[in-house]
Amino acid sequence: MLKRILLSLITLWVLSVIVFAGSQLLPGNVGRAMLGPLADQRAVDNLNHELGVDRPVLVQYTDWIVHFAEGDMGMSYTLRHPVTDFVVAAMKNSLKLALVAFVLVVPLSIFGGVWAALHVGRPIDRIITIFGLSTTVLPEFVSGIVLILVFAVWLQWLPISASWPEGAGILTQVYYLILPSIPLVLVLFGYIARMARAGTVEALDSDYTRTAVLKGLPFPVVIWRHVLRNALLPTITVIATQTGYLIGGLVVVETLFHYQGIGGLIYAAAKSKDFPMLQAGVLSVGIVYMVATLTADILYSVFNPRIRYGAQG
């Protein structure tokens, strides 16, 4: 685990370099973007000097990453306000949406994959497999528009917007997040269910499962104690790898449902060339992804003793 943590920190540092370099390569001038095309060039140069974007690139990166490590994400160029407040608020909203989607998709996908594996080659297996493949390739904006038309416009069961009223409680917030979470559920269902199905099929054909059956254990006990424990190990990794997408890749969903998440914040910062906001947003998503991956590694070692024994050896 110490090696994994060290590797994650190195990966995060590489990500910070890529993010900073990418923001520097964006076309346009920060001062010009803020003051407009008709502003005097001297005013643009003075603003660039005030913001520090005319300093050497290495000096800018060192200053940014040191302050970021200390918890200071910098000052927004366009909003003239600390970036931390916006990133934390947007990340909190994205985490809420991701949590609702996870609560729906994880048990549903695992159940669908295991159920398909228990009926390999039968119609129910084909139906679940085809449904999973179809929803995986269906773009979120297509499913989102259809869901809005059906459940928000025609049936009027759910609100169109994901922005809940001021001071709304947890249940009200969940109610507003159900509709935007469904496109995410549809996209992720195929990945997770397919992995759960493959792991279950492999576990059912293993020697330890046949031994448990020959011992006379009831079939539900065999499934619960022997099959699922081993079949779901690869599924844990797949679920963790989707965390980065759920947190930072939701620009389409956030736009459709007028939701202020981290994906929309990053997109808006890139458009306005607000480098501190852009860099802090992307790196924050990278940190969340790193934590999710480390959590998956820990769970994998907990459920698979061979990993722990191999590390000790």
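Buried residues are those under 20% relative accessible area, exposed ones over 50%, and partly exposed ones in between (1.4 Å probe, protein chains only). The model is predicted: local features need pLDDT of at least 70, side-chain atom pairs count only at pLDDT 80 or more, and totals for chains, interfaces and linings use all residues. Residues are numbered from 1 along each chain as its sequence is written, and side-chain values use heavy atoms, with hydrogens and water left out.

T135 sits in helix α6 (residues 123-137). Helices are DSSP runs (H or I, at least four residues), numbered from the N terminus. T135 is buried, at 7% relative accessible area. Its side chain reaches the backbone oxygen of L186 at 2.9 Å. Leaving aside residues up to four places away in sequence, T135 touches L186, V187, F189 and G190; contact means heavy atoms within 4.5 Å.

T78 occupies the loop between α4 (57-69) and α5 (83-118). This residue is partly exposed, with a relative accessible area of 36%. Beyond residues up to four places away in sequence, T78 touches M34, S272 and D274. The side chains of T78 and D274 are joined by a polar contact of 3.0 Å. Such a contact is a pair of N or O atoms within 3.5 Å; within protein, one must be able to donate a hydrogen and the other to accept it, and residues adjacent in sequence count only if both atoms are side-chain atoms. T78 and V57 lie 21 residues apart along the chain, and their C-alpha atoms are separated by 20 Å.

V142 belongs to helix α7. V142 is partly exposed, with a relative accessible area of 32%.

Notes
Helix = DSSP H or I, 4+ residues; strand = E, 2+ residues; numbered from the N terminus.
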